[in-house]
Amino acid sequence: MIEVTGLSKRYGTYLAVENVSFSISKGEVVGFLGPNGAGKSTIMNILTGYLSLTQGKVTIDGFDVAENPEEAKRRIGYLPELPPLYTDMKVREYLNFVYDLKKVKFPKKPHIDEIMRLVRIDHVQNRLIKNLSKGYRQRVGFAQALIGNPDVLILDEPTVGLDPQQIIEIRNLITRLGKNHTIILSSHILSEIQAVCDRIIIINYGEIIADDLQDNLSEKLSTDHSLVARVICDERDMLAALKSVKGVKDVTALGKKETGAYDFEIIPEDGADVRAGISSRVAERKKQLLSLTSSRLTLEQIFLKLTQAPNNDEARRMLGLDKIEEDVSNEEEGIIIEMPEEITVEEGEQ
Amino acid sequence: MLAVFKREFKSYFTNPLGFVILAIFYFLLGYLFSGYYSMGAPYVEYAVLGIAQILLIVVPAITMRLFSDERRTKTDQVLFTAPVKLINIVLGKFFAAFVLYALGFAPTIIYQIIVSAYVSVNLFYYIYALVGILLFGAALIAIGMFVSSLTESPITSIIFTLVVNVFIMISGGLANGITAPSATTWYTKVWAWIVERFADFVGGMNFLAVLDSFGNQAFSVKDVVYFISITVAFIFLTERSLEKRRWS
């Protein structure tokens, strides 16, 4: 449905998107994930024909957006980051305008009525858009994208600024629409992408650093797992006691977290389940185990780390997507070596 | 094109702007016509052509929001991602502004009807003057729309358009003020030639002089083509400027 090959976009001398390629087949729900300024909106604006591309090729359902923009645009419903609403119009009036603008073939009134019901704005249809709250405006923007029932929906941060109830509603709507639409959705909120998308494309510094089905990605990303035990005890004694549990590779004391209780981070050997061993060891010592939690890095945490990465090679390493296994102690050195390389590549490009 | 036209035209009347502009037109036309009428010259075409100078100031208010506002509020995203050719969006907006402008002259039809009931007048003079002022307006709207497509704020847009229009207003005087030096040697001759061409160029901007000839009661293809070509050129430039924005 959507084919993007070698897409680059340059604003003056600033390279916003660099050599991005992906392909999305009919019916997929794909999430663009990336920190602010990663290039998500730029890519979406290019797909919808709002911006031109500097290099590469984008086709929607076989129609090139540069060569046959009208046919390509006809197949896309776009909800930009800021819903493009004429605030001096009433909701229905605005949707009628979009209907006329898009030259939709369906019967006008039932089509618009149906969309308004779908996004639950039928009770505000005669109100001026400027008097609507952010959540309702977002929904009117959503309705605008749905007009003409396009095959492809491109939604740029559709839930930003909504309250939790509305977020759930919009997510449910996206899930429902995902059954018969191809959807690209961008967000910098991971849980949102997790909730609705089958496939995730992670974009950082204008490049794709990961593109995989969600399940595979979760597996790949969360290799790092350790346990955190909170025990009422004497810190030093317990540290030694825990280290001697079978299957434990290493234990670090994390300090006092509650009155009389200390936290310990326990790294097990690969594949070993040490939970039973830990609890019986604590019991043996007549101490009390308050909690034992897995400190497996959540996708959220990994993503946060990623946004702090100085460049994409570093980011790939953080996500464990590079194939090179490196010792943890070398990692800092690695950054220093990587940085100049990144710079020379960019200079060469320009 | 029709959708854009309808929305844009309606938007003039969702705020006071459209009403204020029409009020200015109606007041001035009525004032001028009654003035000429009491002086014993009951010719509607005098009033029609007489408000041209003031229109140079009023028209920028019609065009200031056309594209600048869309860009500021990002509503252009719905226009430019719709399956519509850019030129149709430009034309839709142009005609919305133009129809508002043309409506400003609607009462002159009533004046003409009343006048022809009492005095024998040549209807052609009135119609020709009306054609002239509408073409003149079309050119000003196209220029204003182009300026609007370059800016992101209606205020910047109106100020720049006013600068252009003031230049148009004084171009006749300016052109007369530019005198070529007396030429004796070959290089002063070249210089004199350059200065003369420059004066021609400035003089060529004199919309008001061209408009005056629409009051001369003799049909002139040259004058009609003059305004139409300026209008078409600036509509084209607007389309290019919007297209260029996608590339930067």
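## Strand pairing and packing in a two-chain model

In strand β5 of chain A, A:Phe63 is the bridge partner of A:Ile60. The model is a predicted one, and what follows should be read with that in mind. Strand β4(A) and strand β5 (residues 63-64) of chain A run antiparallel and are joined by 2 bridges. These strands, β4(A) and β5(A), form a hairpin with 2 residues between them, and in the turn A:Asp61 has a positive phi of about 50 degrees.

**The antiparallel sheet of chain A**

Strand β4 (residues 55-60) of chain A also pairs with strand β1 (residues 2-11) of chain A, in the antiparallel sense and over 5 bridges. Within this pairing, A:Thr5 stands opposite A:Lys57 in β4(A).

**The mixed sheet of chain A**

Chain A also holds an open sheet of 6 strands, with mixed pairing and the order β6-β7-β8-β3-β9-β10. Here the edges are taken by β6 (76-79) and β10 (207-213) of chain A, each of which has a single partner strand, so one side of each lacks a neighbour in the sheet. On average, and with direction ignored, neighbouring strands of this sheet are turned by 15 degrees against each other. Strand β3 (residues 29-33) of chain A and strand β8 (residues 182-187) of chain A run parallel and are joined by 5 bridges, and in β8(A) the bridge partner of A:Leu33 is A:Ser187. Helix α1 (residues 40-47) of chain A packs on the sheet, where it touches β3, β7 (152-156), β8 and β9 (199-204) of chain A, and its direction makes about 150 degrees with that of β7(A).

| Strand pair | Sense | Bridges |
|---|---|---|
| β1(A) and β4(A) | antiparallel | 5 bridges |
| β4(A) and β5(A) | antiparallel | 2 bridges |
| β3(A) and β8(A) | parallel | 5 bridges |

**Helices of chain B**

Chain B, by its element count, has 13 helices and 0 strands. Its C-alpha atoms fill a box of roughly 65 × 55 × 30 Å, taken along the principal axes. One helix pair may be examined in detail: the axes of helix α4 (residues 52-63) of chain B and helix α7 (residues 86-103) of chain B come within 10 Å and cross at roughly 140 degrees. That angle makes α4(B) oblique to α7(B), and the crossing of α4(B) and α7(B) is right-handed. On the α4(B) side, B:Val59, B:Ile62 and B:Thr63 meet B:Ala97, B:Leu100 and B:Tyr101 in α7(B). By class, this contact of α4(B) with α7(B) has 5 nonpolar residues, 1 polar residue and no charged residues.

Which elements of chain B each supply at least two residues of the side that touches chain A? Overall, 18 residues of chain B are in contact with 23 residues of chain A. The elements in question are α1 (2-11), α6 (76-80) and α13 (221-247) of chain B, and the largest share of that side, 5 residues, comes from α1(B). The residues of the side of chain B that touches chain A divide into 9 nonpolar, 6 polar and 3 charged.

**Confidence of the prediction**

For the complex, the predictor gives an ipTM of 0.88 and a pTM of 0.81. Chain A averages a pLDDT of 81, and 84% of its residues score at least 70. Over residues 323-350 of chain A the pLDDT is below 50, and this stretch has 12 contacts in the model beyond near neighbours in sequence. Chain B has a mean pLDDT of 90, with 100% of its residues reaching 70 or more.

Technical notes: Residues numbered from 1 in each chain as written. Chains lettered and ligands numbered in written order. Predicted model: local features only at pLDDT ≥ 70, side-chain atom pairs only at ≥ 80, totals over all residues. Axes fitted to C-alpha atoms, helices over the stretch in contact; angles between N-to-C directions. Helix = DSSP H or I, 4+ residues; strand = E, 2+ residues; numbered from the N terminus. Parallel < 35°, antiparallel > 145°, perpendicular 65-115°, else oblique. Left-handed = near helix turned anticlockwise from the far one by under 90°. Contact = placed C-beta atoms within 7 Å. Nonpolar A, V, L, I, M, F, W, Y, C, P; charged D, E, K, R; others polar. Pairing = 2+ DSSP bridges. pLDDT = per-residue confidence, 0-100.
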